[in-house]
Amino acid sequence: MAPKGGTWLLLLILACAALAMPPNGMHGNNADFKDIAKKLMMKCQKKGYPVPTMGLLKTAVSNSDLPVEDRNADQSNTLLFTFKHVLNLVTGGKKQISPGQRPLDVSDIMPNKMWNSSMLVAMIKGMRNSSESFACYMQAFMAPLSWATVCAQTGDNVESNDYDTLLSAAKTMLQDIPSTTINLPTKLKRQKLKDMMNMLQEVYDLMSNGQRTQVVNWAKEQITQNNFNCTMSRPSKSRSMAMDRCQRSLEWLDSDALDMMGPYISRLTPEDVDSSPKEKLCEFFHSAKLKSSIKRAKKMQPSLSKKILQRIQECDSQKEFSVNVDRLGLLACYLDAPELTPDFSRKLLPQLDNCSNPTSRTLKKRLVKSVMSSSNISQALQELGTSITLLPLKQFAAILSNNAKELLINENIRWTKTQLRLLVKKVLSNKTCNEVSSEDLWGLQSVQEGLSSCVLKNVKPQEILSNTKALKNITKRMRKGQLKAMMQGLRKKVDPSELVQKLPGRLLRSISINSLDKANITSLDQVESKTWTRPQAAYLAKKMHKLKQLKYRRLHSIWQGITCKMIDEVADDDAKDMADAITENPQWLSKVQAGCAARKLFSTLEKNSTDYFKTITEEELKNIPTSLFIHLQHQKVKDLPDSVCPVFLDKMETANLSSLSPSAPSRLALIRKALSCLTNGTDLSGLTTEDVSRLGPLLCEMPPSKLRLMAPDVLNSSLQVIASCQHIPPRHREDLMQLVNQNFGSPSDWSAETMELLGPLVLLDDNATSALPNKPWMKDVLYFLKSRLPQVSDLLNKKLFELTTTTSNSARKKRSVNSKGNGNCSARTERSSDGRSATEITEALIEELGENNVFWTKEQLDMISKDTFLASVEKLGEISEYSANQLAVLSQKVTEAFGSVSEMDDRVVMQLGCLSQGFSTSDLEKLPFSLDSLEDIARCGWNELQLESVWKAFAKRSSLTAQQLDAADMVALNRFICGLNSSELGQLNVDAFKDAVGSMDGIQCSLKDVQQLKTLAVSAFGDPSTWTEAQVSDLDNIVAGLNTNELASLDPPVFSFLSETCIPLFSPQHFAALSGIQLAALGPDNAAMVTSEQRAVLTKDQLAALNKAMTGSQDEQQRSSQSGAPSLSVEGISACLKPLLFLLMGFLLL
């Protein structure tokens, strides 16, 4: 039962005293509490909680049992209005503010700080007794106040239990911090520090790495001040030091500090670990607290992991360490274990489950072998866990013979293709496809990828659809061909409208546009809560638009299909509501859609005043969603008044620039405005690290010429932040590398810790990557960095190959000495014909290298032994980019291992994967390809003749003609459909093609075949001039088969729905037929895919339109001579002009 309304009202009034704190007391970027409350309330709304009425609080005013002297009518009315105002922001209401009435503001509320925090605590406790929905909204309103309180107090005047209550309430806010930093209390006493750290541990998973590092540094400072009366802070010109600096040898990381850090231990530095007394660290390790603390980290820097591992190995003798090895957790990923005993291996093996470094997988294989040396089969099932997949095939088959059902229990096991096939075959025994029941299917959930299309086409619809949870689980890892096969089975007896309502997840997304059209969708209610593909969303958006049911806040994934025309038709009164809805679903919008939505909002705002952005207020700027504001024209960004700088910087700190074209002039304009706001007319040398953090992702775009002007310590910290950027303009990279070398020295001289911090910048430079030295730690650090990179270069992979093969030799020699030649699966070194040492390829080395096995020479591949090849064939078959010379050698290895092509069965073909590319076309026609095996190898680098041979082999084995192929067959064939001749392509069933094409993953055929498939598409969808956004998106690369007239007839709005891979496939002469309107409609991502050959045939006007698409600008031509914006084609300017452009850019930024 909710507390009485009068109590609520008084508590709300008194609680708002928390807002009368210094700016330091609020969120790190001084965000208005109403903005934070709004964001938190929107979460309540998304949970489906009804927006509370104000009836309870209004009743409280007249029915309050509080003393009259405690009531304040003015404050009551203001607070009621403020709460309602925030709710209005959430719901999109348009209630106008009456004269003399406005929302509560920080500067308005109780300027004195004489208030009782116990009242705030009483309110928080009261919320727990109210209804769940009402409490959610009230907690959203109170969370910023609670955080302000704990940040402004040292905690001395707050009872311990009350302090915990405040922290609990504030946690709601910390779970959704919009800033890159957190504002933390300046000073906390020991017990309150423990309470604070306990709460911060609870939100660890939701924080960014930068925020976690900030918490660690803050906690270190609090600990050293409280316990040692010294500071870790560096002296600053702007402040005097009230405490002495701590000595570097200070052992501050004691038991209490370790407990407080918890998962934040993963953000310590190796130097911090050395600050822990040996006995305290050992005690922490032996108690298993270390393992539980780092478990949530999921990934740790190699240098830190190795330092902690080194320290705890000093705690025990080798024998004692073996006993405690099960307490290592993530640290086990970097353990060097030369000698393995079965008992040691059993304890260590589970510790490696969460390791991602390749060397850990090699160690796993050794551990599995060690465990199996003293275990029977029943023990192995319990002891190996997910590592059972590493067993040799012979041992696996032995376990499978009597334990198939037990093996299916663990759904986390990722079986190999051969293991999947054996498991499914064993469980289903000799059942035919139509004899498999739904119970059989549910029992095979963990091996779903091994189910044949034949089985899935024969599912029993009503039995399957009655268990939605199991259906979602069994389809989560299926291939698209399997999904389409199951869909086909369900469609036999179930109406499409029922499927739309009942199908979960990935299966729902395999429904074709053709089936959606038959699903009798008449309301947004039927489709709003589901996740759709882009073609499906385009169909549904058009459908809802026609039905006049485009409710922006309910569209969710359907936003993908909204066109600029639909956005332009939004009524001016609804533009703000649409913009707010976009902020709730930014992940679904393309650059084109975001740009159109921004222009619609801006044009609406400017209807009342053409100088709207020149005179904009802070409140007005707050109301513009950041995801749209970044699209403001560069000239208007420049004209923003200085008075909005605080709000502008708040927006930039949390901005996501991914919806903005890399070539957009507004990027540079935003940087210039941000710097102007930060410097306030002074030079950049006065900026602090805190100032620079306000730039957010704009720092990633900062020209190196500007970075050079910063103070040395600020520059160094800025470079470390830039190293974690997901996108750095290519034109900046060379100069950035010079800055790195000047400030940190040559990468060849770096420590592991420096490489972990700055390595991503080095890896942008091919020469620097190639020159990296072979240091003992280099391989582990590069693998760690690779997992964080948005793109991985071939040179980095080549460097990892060199480091791995070199390290393998060294490790082999070491183990060889230790084991006195007792053969481990390691690389052996021999002399090649020219006298140089050559690495023999072994099973362990192949396993560790993974995709980098592509770098072996044909001579090295020829050295693989038959046993090693048999053990590693699936791993080698995963690589799709072998050269012809490599394939020639590997195909010989295949015949040596498995016999002639005519002797190979479908099990062998499944194992070979991409290695089958090495066979001649005549041999390919003899291989027993199944539909399921073809879907796996469609990604391999087949040539046109090979595609024809594989199709012939499959058609012969399956006795299927082109005319008989159904939708599931076409999807599974994927690229191999290009192997059909012109006559066969013309025989494909049109209805089956309509159902299949959306799931065929952008097949790439020869121009002749694409044109033939285009003819089929015309038969299926009509004349290209009538094709919709949904159809164009569904057809994918097949659109490239259109001739000049057909391409020119396409409706301009569909061009932003073309796939990026389709653009380079258009022949230049056909591409030249596009109008300026069509080219401008391509959007930034598609325009970036236009080839130099295609550009070469365009006229001046066409190039201007293409450049407009590149920048995402639809309503303004770029005038670099007038505005100072960078050239639209900077990336395409010839090398000789680049230095001049960089110089000009730097000059314009001054």
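This is a predicted model: local features need pLDDT of at least 70, side-chain atom pairs count only at pLDDT 80 or more; totals for chains, interfaces and linings use all residues.

Visitor: Which residues touch the most other members of the largest nonpolar core?

Guide: In soluble globular proteins, nonpolar side chains tend to be buried together. Here the largest nonpolar core has 252 residues, and Trp147, Leu200 and Leu328 touch the most other members. Helix H6, which spans residues 132–152, gives the most to this core, with 13 residues. There is also a second, separate core of 97 residues, and among its members are Ile937, Ile977, Val997 and Met1000.

Visitor: How should I describe the way H6 and H7 are placed?

Guide: Begin with the axes: those of H6 and H7 (residues 160–174) come within 7 Å and cross at roughly 120°. Angles from 65 to 115 degrees count as roughly perpendicular and those over 145 as roughly antiparallel, so H6 and H7 are oblique to each other. The crossing of H6 past H7 is left-handed. Residues of H6 in the contact include Trp147 and Val150, while those of H7 include Leu166 and Met173. By class, this contact of H6 with H7 has 11 nonpolar, 5 polar and no charged residues.

Visitor: What classes of residue make up the contact of H36 with H37?

Guide: The axes of H36 (residues 645–654) and H37 (residues 665–679) come within 10 Å and cross at roughly 130°, and the two helices are therefore oblique to each other. Cys645, Phe648, Leu649 and Met652 of H36 meet Leu670, Lys673, Ala674, Cys677 and Leu678 of H37. By class, that contact has 8 nonpolar, no polar and 1 charged residues.

Terms used. Residues are numbered from 1 along each chain as its sequence is written. Side-chain values use heavy atoms; hydrogens and water are left out. A nonpolar core is a set of buried Ala, Val, Leu, Ile, Met, Phe, Trp, Tyr and Cys residues joined through side-chain atoms within 4.5 Å. Buried means under 20% relative accessible area, exposed over 50%, partly exposed in between (1.4 Å probe, protein chains only). Helices (H or I, at least four residues) and strands (E, at least two) are DSSP runs, numbered from the N terminus. Axes are lines fitted to C-alpha atoms, for helices over the stretch in contact, and angles run from 0 to 180 degrees between N-to-C directions. Angles under 35 degrees count as roughly parallel, over 145 as roughly antiparallel, 65 to 115 as roughly perpendicular and the rest as oblique. A crossing is left-handed if the near helix is turned anticlockwise from the far one by less than a right angle, and right-handed if clockwise. Contact means heavy atoms within 4.5 Å. Ala, Val, Leu, Ile, Met, Phe, Trp, Tyr, Cys and Pro count as nonpolar, Asp, Glu, Lys and Arg as charged, and the others, Gly among them, as polar.
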